[in-house]
Amino acid sequence: MLSDIEIAQAASLRPIQDIAYQLGLAASDLHLYGQHMAKLTQATVNHLHAQPAKAKLILVTAINPTPAGEGKTTTTVGLTDALNLAGYPALACLREPSLGPVFGMKGGATGGGYAQVVPMENINLHFTGDFHAITSANNLLAALVDNHIYQGNTLQFDQVSWRRCMDMNDRALRRITINQPTSYDTGFDITVASEVMAIFCLATDLADLTHRLGRVQVGVSLKGKPIFASDLQAEGAMTALLKDAFQPNLVQTLEGSPALLHGGPFANIAHGCNTLVATHTALRLADYVVTEAGFGADLGAEKFMDIKCRQSGLRPDMAVVVATVRALKYHGGVEVADLNTENIPALSIGIANLKKHVDNLRQHFGLPVLVALNHFTPDTDAEIVLIESAVESWGSSLHICRHWAQGGQGALDLAHAVAKMTQQTAAPKLLYDDDLSLAQKLHTIATSLYGATDVTFSTQAERELQLLAEASRGLPVCVAKTQYSLSSDAKLRNVPEGHTLHVRELRLSRGAGFVVAICGDIMTMPGLPKQPASHRISVDADGRISGLS
């Protein structure tokens, strides 16, 4: 079997203008980035947003993954191709990859096999420069803060809360000391965890983007008053850096399906959804929009509903939960090295993780749910029959998907089931009310979705809980925790019982409009693994990249 990059490089891509034409767009609606990538112009986006939405919105989420990942993006792409192949005009709406995992443990994030968005090398690397723009806007604000203090500190900064960022895994930058007239400790987050990224993904238009950037809190004065980016007159210049990036990116799948890739917050340490602008645009360009929320439904899907949908009024028509045989065996106690061996007893135990996510989406969010089993070659008939029987006993249906090997043809069964289910009337709902306290919201998430018995707070988090009592009023909470477990402890697989959610730190993101609760040992600046994916990547004399996956 060819590698992902070999499949992508062997493909014949259509001119991006042709992809735009099938959406009803003209050449004048595009800013071209070569032959196969483009941005939609701001005028086009504004024009489309003045029209009513027409598409069904399908949310693709997953069970808690193994460290290898289980193919949620691949399934999103495969489902989009299958819908188009079956005659249901569809468009994929995805996040952009971060350089951190591209060179770290996970590798690229453009799908896999014959269910990829392309050109995969460009998308996985610099793409159209959106993340560079976000990084620059974030760090401009940091520079303006430090310059203000250096030039006399007329705002009387006592504490600086604004951090720098970069789109790379670099654990050495987690904690740094700034040497101003008076030194202070700060650090770097990865760009995808920055508040500027969250603002970029939640803003409705350029005016809203500017407003949100202006209300970012960068510190506290000697009198205990918040200091905002607008106090430094930073929001105009930051918006100027983000203006072009704010236009959604149009690319294609290997089978020529259109895809909008825009924004890219991680779901474990950020809110995990592509831009609201791209989603609103997509809903006016196709009949079916397939979007994903990062990692398991306890993270990405919860944040999609309780942050993105809460702020925008969007509501998905249904959810698809992606599972794999190997991930369910992992939750049943099998180690990664042995996941390709049939193990019915372990699978019988681990299937509880899938049930928990299906139940959560149905009971707590009111979403109709289908299960997509992303097929791997070592999967046995006995294992598949066991999962299918269990899913049907819950009143849902299982759809075996072979899009990795067969492209859209391998997900036709899922496509027809999705199209049928979206014709039903759904009643999506949010998990908690706006007027609950921050602690009550955290308790609701932890007990309802994670199965925790309680929420505990560090001494620092207890203090921050009191300080943020007024500022956090009415804001949703973004839980930053491990993706590998329903709990905040990556070692607790399946559906752990008797655990508590331990909140280590709270950060107010005024511009984004939520509070981040950092739990367990999660880091907002990841590190590289012992054997980074970068070791495999090289470039030949003709500029052809190999090893990127």
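**Why these labels? A walk through a predicted model**

Guide: Welcome! Let's start with Ser 472: setting aside neighbours within four places in sequence, this residue touches Leu 438, Lys 441 and Val 515. Please keep in mind that the model is predicted.

Visitor: Where is Ser 472 found?

Guide: Ser 472 sits in the loop between α19 (459-467) and β21 (477-480).

Visitor: What lies 2.6 Å from a polar atom of the side chain of Ser 472?

Guide: That is the backbone oxygen of Leu 468.

Visitor: On to Asp 298 in helix α12 (residues 297-312). Is Asp 298 buried or exposed, and how do you know?

Guide: Asp 298 has 1% relative accessibility; the cut-off for buried is under 20%, so Asp 298 counts as buried.

Visitor: What makes the pairing of the side chains of Asp 298 and Asn 64 a polar contact?

Guide: The two side chains meet at 3.2 Å, and a polar contact needs N or O atoms within 3.5 Å, one able to donate a hydrogen and the other to accept it. Beyond four places in sequence, Asp 298 also has contacts including His 357, Tyr 450 and Lys 481.

Visitor: Why are α4 and α17 called roughly perpendicular?

Guide: The axes of α4 (residues 72-85) and α17 (residues 412-421) cross at roughly 75°. Angles of 65 to 115 degrees count as roughly perpendicular, and therefore this pair does too. Among the residues making the contact are Leu 79 of α4 and Val 418 of α17; the contact residues divide into 8 nonpolar, 1 polar and no charged.

Notes
Residues are numbered from 1 along each chain as its sequence is written. This is a predicted model: local features need pLDDT of at least 70, side-chain atom pairs count only at pLDDT 80 or more; totals for chains, interfaces and linings use all residues. Side-chain values use heavy atoms; hydrogens and water are left out. Axes are lines fitted to C-alpha atoms, for helices over the stretch in contact, and angles run from 0 to 180 degrees between N-to-C directions. Helices (H or I, at least four residues) and strands (E, at least two) are DSSP runs, numbered from the N terminus. Angles under 35 degrees count as roughly parallel, over 145 as roughly antiparallel, 65 to 115 as roughly perpendicular and the rest as oblique. Contact means heavy atoms within 4.5 Å. Ala, Val, Leu, Ile, Met, Phe, Trp, Tyr, Cys and Pro count as nonpolar, Asp, Glu, Lys and Arg as charged, and the others, Gly among them, as polar. Buried means under 20% relative accessible area, exposed over 50%, partly exposed in between (1.4 Å probe, protein chains only).
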